[in-house]
Amino acid sequence: MADDYLVRIGKLIRDARQHRGWTQTQLAEALSTSQSAVNRIERGNQNISLEMIARIGEALDSEIVSLGYAGPMHLRVVGGRRLSGAIDVKTSKNACVALLCGSLLNKGRTVLRRVARIEEVFRLLEVLNSIGVRTRWINEGVDLEIVPPAELNMDAIDADAARRTRSIIMFLGPLLHRMESFKLPYAGGCDLGTRTIEPHMIALRRFGLDITATEGLYHAEVERSTTPDRPIVLTERGDTVTENALLAAARHEGVTVIRNASSNYMVQDLCFFLEALGVRVEGVGTTTLTVHGVPTIDVDVDYSPSEDPVEAMSLLAAAVVTESELTIRRVPIEFLEIELAVLEEMGLDHDRSPEYTADNGRTRLVDLTVRPSKLEAPIDKIHPMPFPGLNIDNVPFFAAIAAVAQGQTLIHDWVYDNRAIYLTDLNRLGGRLQLLDPHRVLVEGPTRWRAAEMMCPPALRPAVVVLLAMMAAEGTSVLRNVYVINRGYEELAERLNSVGAQIEIFRDI
């Protein structure tokens, strides 16, 4: 059988396994084989008989495998429908991936509650499984158990999975405590232009980590005698940069001060998780973090990440562009206050419940009810800032919101090289967006949305923005190859359908 067919079959099996919510180890147990054999099959590196394909199909209860029903996932959207009822916000994607990386610090058993079942998480689980970490979904697939081996096998790392996620970069912080040298594949993920890892390197060099990059790999060497002798000043207030520095400091014996740190939601969740591991972190929620590290962490820990403010913003935007009344429950209000303040100035009609506490015991939540509103373009431009400013990931949703408001809105997405360009895909659906330069787009509203068929933008948030516009457009639209949406949202189409949308998932035969 040709190698390309083996690769295609392997991808079908992997997709079917993930759809069922199984790890490679669970599938291996059902087939009476090894996890490494399943890993080779899914990567297309092992010949596979028709009998084995049939057994896999039976184990996964999957017609996709048994019939060879291939192809990427698409969405068919019947728009112009009003949403109603209530919908819950899922746990934070960015917190979950940080906690998965953070679990490498712990020699004991880690249980994460209500983990987001998304492609980004699946990719990290494949990487963790390939280097020897045992993971399994428990409590009917709601929670995730993680048990590390005594020694990680970095030579067996699943490079394909690693290259499909930017989160792999956060392996650097914990791994520098576990081995003297290792290799990691280049980070991938969304197509958002060139994003340097130099800020990570500046921070981690202070812990003795030296990186050279050749042939698609980061080659890491650790000099144990090097330790921070003064506060670490991050050259950018980035979320993953701060998380990597925290992960490195957690098992550095002594006190590490991190300045110009991000205080965003996923960083706070990681700090709370580190405290559950026995690492004291002072200054949570500020730009100066003081970490009292411990050289060894061997505890059984149970942690519940908080809800995702960017998903909350997605659902809020869905209500606005479809002119619907919708209640969004479990909104982490601390991380959405600036966005709501801007929307209030634009004329948003909404109510919020009294605050209550998330399952992590720290994050403040509310239930938010949004009603149809006559919006006016904001006087000032929309632009992101580090927390507590308007969230970088929430900027794209203002393109769809501005498109239904009266007047012109200037959106300045200064962080990413390409993302503003992808927002102009809304023009295919009737939007009037003018790209002024790679970072600025002028939005003219109000918009009379129209149905269209188009490819999904290769960046997560612009892709969801296009989906929301399709939901508002009368007629039937098709959004092709929505893998990027599945990277960051769990069953988004099904959940939107539960409050009145009409979105059909289909694949090409």
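This is a predicted model: local features need pLDDT of at least 70, side-chain atom pairs count only at pLDDT 80 or more; totals for chains, interfaces and linings use all residues.
Colleague: What makes Cys96 count as buried?

Modeller: Its relative accessibility is 0%, and buried means under 20% relative accessible area, with exposed over 50% and partly exposed in between (1.4 Å probe, protein chains only), so Cys96 counts as buried. Cys101, also with a relative accessible area of 0%, is buried.

Colleague: Which residues make up the covered face of strand β20?

Modeller: In strand β20 (residues 440-445), the covered face holds Val441, Val443 and Gly445, whereas Arg440, Leu442 and Glu444 form the uncovered one. Strands here are DSSP runs of E, at least two residues, numbered from the N terminus.

Colleague: How do you know that β18 and β20 pair?

Modeller: Two strands pair if DSSP finds at least two bridges between them, and six bridges join β18 (residues 407-412) to β20 in an antiparallel arrangement. Leu410 stands opposite Leu442 of β20, and Leu442 is also the bridge partner of Gln434. Five bridges join β19 (residues 432-437) to β20, again antiparallel, and a hairpin connects β19 to β20 through two residues.

Colleague: What conventions apply to the values?

Modeller: Residues are numbered from 1 along each chain as its sequence is written, and side-chain values use heavy atoms, leaving out hydrogens and water. Local features need pLDDT of at least 70 and side-chain atom pairs count only at pLDDT 80 or more, while totals for chains, interfaces and linings use all residues.

Definitions and conventions: Helices (H or I, at least four residues) and strands (E, at least two) are DSSP runs, numbered from the N terminus.
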